[in-house]
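User: Could you walk me through a structure I have just opened? I would like to begin with the contacts of one residue.
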Amino acid sequence: MNTVKIAVIVTFCALSIGTDYTLVGVSNVKPMDLIVFIGGFTYGPVVGSLIGIVSWLIYGVANPFGFEPRIWLATMFAEPVYAIIGSLLRRALGSPNLGSLRFRYSVLFATMGFFPTVVYDLITNTVYAFVYNTPVFVALFIGAPFAVVHEGANFLIFGACSVPALRALGKVVKE
Amino acid sequence: MNKWAIAALVMLCWALAASFMVGYYYYQYNELSSKTKEVMITANLGINYGNKSATRWFNGTKISAGSTLLGLTKLNTSVNYTGSLSGAFVNSINGVSNSNGKYWLWWTHSNYGWVFGQVACDKYVVGTNETLVWYYETYSASPQPPS
């Protein structure tokens, strides 16, 4: 692993944790998912997952909303879904020229932000149900507005930021 | 990249989000219904046998919140109906059966005057102090019930 790569990964972790705390008052709107996705897209699922896990190790433990170990573990181990989707998308697209067909790529990335968020929310809401002794379907229904905000926010964040971020990153990192 | 495939993905996102919200509102509705079923409300029911007859009123009928028009009708009249997927179809009220093109149709009184019932009577939840009328008339004539 070269120094540039290490520097980028550490920067990603710092950016992820920093934005989490900055946006602590805005529920379910976080660039962390995008950062993990970009990590997975650029460096593969292992590195992307590590960014997510390290971010949750810090933000999840020192969390202003409190600490519940089972939910923390669920969020931490659900986060790599973004890295996996990112690396799969990279494999499917090859080395895309993000400068052309920019709008289409943005919409594609927006949807790729949405679907893993659905999976993530399903996992975390299911764990919530078991932790707080709530029927799973009730937890899913009650959590639906929060999930939809999360999914909608990620749709917009991924759609607006993925292409510029990947293009900028491409200038820094030569794989 | 196929633009239609991307459009389909976007629509799928929309469908998923909408489905979640449907589940949420369905749950909230059931919760609210179960919490308010002991609450009593009053409603007014009229029965009009057509042929310019006077409407017989059952004003101030007490029913539990969340009751349907069918429930309100059962409290005040002898009603015969057939159940189906789309809801209850009223065959007769107080022994007066659908015949010769005349049917039991229901109306509700709103701020805009009489409004024709759009759903089966067992699908319509009665509101507090709402005024409803069963009117024995033809579909084609569809006259508004007399006040």
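User: Leaving aside its neighbours within four places in sequence, which residues is A:Ile35 in contact with?

Analyst: Please keep in mind that this is a predicted model. Once neighbours within four places in sequence are left aside, A:Ile35 is in contact with A:Phe12, A:Leu15, A:Ser16 and A:Ile51.

User: And which residues have the most contacts inside the largest nonpolar core?

Analyst: That core has 38 residues, and those with the most contacts inside it are A:Ile35, A:Val36, A:Phe37, A:Phe109 and A:Phe158. Among the elements of chain A that give two or more residues to this core are α1, α2 and α8, while its largest share, 11 residues, comes from α6(A).

User: What about a second core, which residues does it include?

Analyst: The second core is separate and has 22 residues, including B:Cys121, B:Tyr124, B:Val126 and B:Val133.

User: Switching to helix α8 of chain A, why does its span agree with its number of residues?

Analyst: At 1.5 Å a residue, its 29 residues should span 42 Å, and because the C-alpha atoms at its ends are 39 Å apart, the two values agree.

User: Where does α8(A) bend?

Analyst: The bend, of about 40°, is at A:Cys161, and the proline A:Pro164 follows within four residues.

User: Now the sheet in chain B: what is the order of its strands?

Analyst: It is an open sheet of 3 strands in the order β3-β4-β5, with antiparallel pairing. Since β3 and β5 of chain B stand at the edges with a single partner strand each, one side of each is left without a neighbour in the sheet.

User: Which residue stands opposite B:Ile93?

Analyst: That is B:Val96, which belongs to β5(B).

Methods. Residues numbered from 1 in each chain as written. Chains lettered and ligands numbered in written order. Predicted model: local features only at pLDDT ≥ 70, side-chain atom pairs only at ≥ 80, totals over all residues. Expected span 1.5 Å × (residues − 1). Bend = angle between axes of the 7 residues up to and from the residue. Core = buried A, V, L, I, M, F, W, Y, C linked by C-beta atoms within 7 Å. Buried ≥ 20, exposed ≤ 12 C-beta atoms within 10 Å, placed from the backbone. Contact = placed C-beta atoms within 7 Å. Pairing = 2+ DSSP bridges.
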